[in-house]
Amino acid sequence: MILDFSKVIKGLQNQADFELSLDLDKSFLESIECVNASAIHVLGTIKKMGKRYELTLSYSGDLVFECHRCLKDVNVNLHNTVERILVTPLETEEGEDWIQTEDGVLELMPVLEEDITLNLPLQILCNEDCAGLCPQCGKDLNKGMCACEETKIDPRLEALKNLFT
């Protein structure tokens with residue numbers, strides 16, 4: 001999604017307000033291992049602050065992931081506010097962390113995707129006590145124990161087992 005805030009740059013407006021409903025790109029959803037996503041509701045403003053511009057946007061939506069232990073669907077509710085400083089190429093100094101814009105145009109999706117990625121939990125679980133799946137038979141251990149043998153032999157010592165039988 002491209003935002004045009006050229007009227008703010010030209011001084012015709014003090015700020016540009018926007019409200020959007022965006023669908024996240026399929027390749028982005030695959031990169032974060034998301035199963036499904038609702039439309040993301042975005043509300044924001046771009047204000048002139050001296051020679052620079054301040055982008056403030058709030059977004060909300062739902063993403064569905066697989067639990068990292070038992071593979072059940074887990075709904076993650078997104079809700080965050082992002083603030084960034086926008087500059088034109090002539091104002092950029094090396095080493096500063098600004099978003100560079102050309103001709104009063106800003107590509108919004110990279111900003112949104114970056115913030116979503118940074119705010120996702122490291123491990124997505126259906127609940128904190130999720131027992132996961134049995135590594136031998138694949139039974140969901142949240143529904144009860146399986147009948148697999150619990151004796152585990154260190155794979156490095158597996159050859160020694162044959163000496164005693």
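Buried residues account for 32% of the 165 residues in the chain of this predicted model. In overall dimensions, the C-alpha atoms fill a box of roughly 85 × 35 × 25 Å along the principal axes. The radius of gyration is 25 Å, whereas a compact globule of 165 residues would come near 15 Å.

Turning to secondary structure, the chain holds 4 helices and 8 strands, arranged from the N terminus as β-α-β-α-β-β-β-β-β-β-α-α. Of the contacts between residues at least 6 apart in sequence, 58% join residues at least 24 apart.

Charge is the next topic. The chain carries 15 positive and 30 negative charges, and their mean positions lie 3 Å apart. Side chains of opposite charge can pair when their charged atoms come close, and 2 salt bridges are counted here.

One of these pairs is Lys-72 with Asp-140, whose closest N and O atoms are 3.7 Å apart. Lys-72 sits in the loop between strand 5 (52-66) and strand 6 (73-87), and Asp-140 in the loop between helix 3 (108-119) and helix 4 (158-161), so that distant parts of the chain, 68 residues apart, are linked. Lys-72 is partly exposed at 36% relative accessibility, while Asp-140 is buried at 13%.

Glu-114 and Arg-84 also form a salt bridge, with 3.5 Å between the closest N and O atoms. Because Glu-114 belongs to helix 3 and Arg-84 to strand 6, this pair ties together parts 30 residues apart in sequence. Glu-114 is partly exposed, with a relative accessible area of 41%, and Arg-84 is likewise partly exposed, at 23%.

Notes
Residues numbered from 1 in each chain as written. Predicted model: local features only at pLDDT ≥ 70, side-chain atom pairs only at ≥ 80, totals over all residues. Heavy atoms only, no water. Helix = DSSP H or I, 4+ residues; strand = E, 2+ residues; numbered from the N terminus. Rg over C-alpha atoms; globule rule 2.2 N^0.38 Å. Buried < 20%, exposed > 50% of the residue type's maximum accessible area, 1.4 Å probe, protein only. Contact = heavy atoms within 4.5 Å. Lys, Arg positive; Asp, Glu negative; His and termini not counted. Charge placed at Lys NZ, Arg CZ, Asp CG, Glu CD. Salt bridge = Lys/Arg side-chain N within 4 Å of Asp/Glu carboxyl O.
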